[in-house]
Amino acid sequence: MSESRVKIRAAGVSKTYISPGGESVLAIDGVDLEVRENEFLSIVGPSGCGKSTFLYLVAGVLEVTGGELVKDGAAIRGPGPDRGLVFQHFALFPWRTVMGNVCYGLEEQGLPRPERTGRARELIQRVGLKGFENVYPNQLSGGMKQRVALARTLAYDPEVLLMDEPFGALDAQTRLLMQEELLELWSERKKTVIFITHDVREAVYLSDRVAVMTARPGRIKRIVETRAPGSSAGREHVETQEFVEKVNEIWSLVRDEVVIS
């Protein structure tokens, strides 16, 4: 990790849930992971392995049961504007327009109206929704809703972007377009991204590194470097032999865990 600063560090992190029947369920156990500043890291693994649980621990909406989870050297004790969370199913306010949704976090921060409106307009245009400022979510396609969710999160400029299968509900063509737009935004703004996905090709395409989790209780099985240091992100490398080999390597790791889960 000498090449860049560590932004998020998990050391022996575990999380136990209590089931409705009162039984303890160990979701993740002994997770050790370091996420570099400005890195795009994806996490893959079998269903139920604790990928999303780990993400919500980093977001601070769940509490760690054991181990240590820190950001910039300080323990994560709860949610904060330094971390932005993007969900699979958009989580937009249906009673707010596109502009109202994007402005929400800025209102919570107490930004004056002219400043928050200006910032929101800039991001709405950046995600390709200029002209839809006064439209409500029920009038938007799935891809457009996800663009609003992304703009809303980026508006308050979090240091860390936490994305829980954000493109999982989109059709294949829209998903490819959103992947490209996300990479463009990440290249421009250089945030630390932790991205949860079931799609191994998506993980390899988007990421600097991919962390593979074991079946529950989830642990980090292996971390695979997927983008050479200094290389640019882009669609042009998806047909290369190296890309195919990385996809096959990671899928083999995941498949073994699916079989035993």
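The structure is a predicted model, in which local features need a pLDDT of at least 70 and side-chain atom pairs count only at pLDDT 80 or more, while totals for chains, interfaces and linings use all residues. Residues are numbered from 1 along each chain as its sequence is written, and side-chain values use heavy atoms, with hydrogens and water left out.

The protein contains 7 helices and 10 strands; helices (H or I, at least four residues) and strands (E, at least two) are DSSP runs, numbered from the N terminus. The radius of gyration is 18 Å, close to the 18 Å that the globule rule gives for 261 residues, so the protein is as compact as a globular protein of that length. This radius is taken over C-alpha atoms, and the globule rule is 2.2 Å times the number of residues to the power 0.38. Along the principal axes, the C-alpha atoms fill a box of roughly 50 × 50 × 40 Å.

Of the 261 residues, 51% are buried. Here, buried means under 20% relative accessible area, exposed means over 50%, and partly exposed lies in between (1.4 Å probe, protein chains only). The protein exposes about 12,200 Å², of which carbon and sulfur atoms supply 49%; accessible areas come from the Shrake-Rupley method with a 1.4 Å probe, and for residues only the protein chains shown count as cover. Among the contacts with a separation of 6 or more, 70% are made by residues 24 or more positions apart, a contact being defined by heavy atoms within 4.5 Å. The protein has 33 positive and 36 negative charges, whose mean positions are 4 Å apart. In this count, Lys and Arg are positive and Asp and Glu negative, whereas His and the chain ends are not counted; the place of a charge is taken as NZ of Lys, CZ of Arg, CG of Asp or CD of Glu.

An open sheet is formed by 4 strands in the order 2-1-4-5, with antiparallel pairing; two strands pair if DSSP finds at least two bridges between them. Strand 2 (24–36) and strand 5 (74–75) stand at the edges, each with a single partner strand, so one side of each is left without a neighbour in the sheet. Strand 1 (residues 6–18) pairs with strand 2 in the antiparallel sense over 9 bridges. Within this pairing, A10 has L33 of strand 2 as its bridge partner, and Y17 has V25 of strand 2. The hairpin of strand 1 and strand 2 has 5 residues between the strands, and G22 in this hairpin takes a positive phi near 90°.

Helix 1 (residues 51–59) is mostly covered, with 8 of its 9 residues buried. The buried residues are K51, T53, F54, L55, Y56, L57, V58 and A59. After helix 1 comes G60, which has a positive phi near 90°.

L123 lies in helix 3 (residues 113–126) and counts as buried at 2% relative accessibility. Not counting residues up to four places away in sequence, L123 touches A151, L154, A155 and R189. Between the C-alpha atoms of L123 and A11, which are 112 residues apart along the chain, the separation is 36 Å. L150 belongs to helix 4 (residues 142–155) and is buried, with a relative accessible area of 4%. With residues up to four places away in sequence again left out, L150 touches V86, L161, M163, L182 and L185. L150 and P166, 16 residues apart in sequence, are 9.1 Å apart in space, C-alpha to C-alpha.

N38, in the loop between strand 2 and strand 3 (40–44), has a positive phi of about 65° although it is not a glycine. N38 is partly exposed, with a relative accessible area of 33%. D157, likewise a residue other than glycine, has a positive phi near 55°. This residue, D157, lies in the loop between helix 4 and strand 7 (160–164) and counts as partly exposed at 45% relative accessibility. R216 and P217 are joined by a cis peptide bond with omega about 0°, and P217 is placed in the loop between strand 9 (209–213) and strand 10 (220–225).
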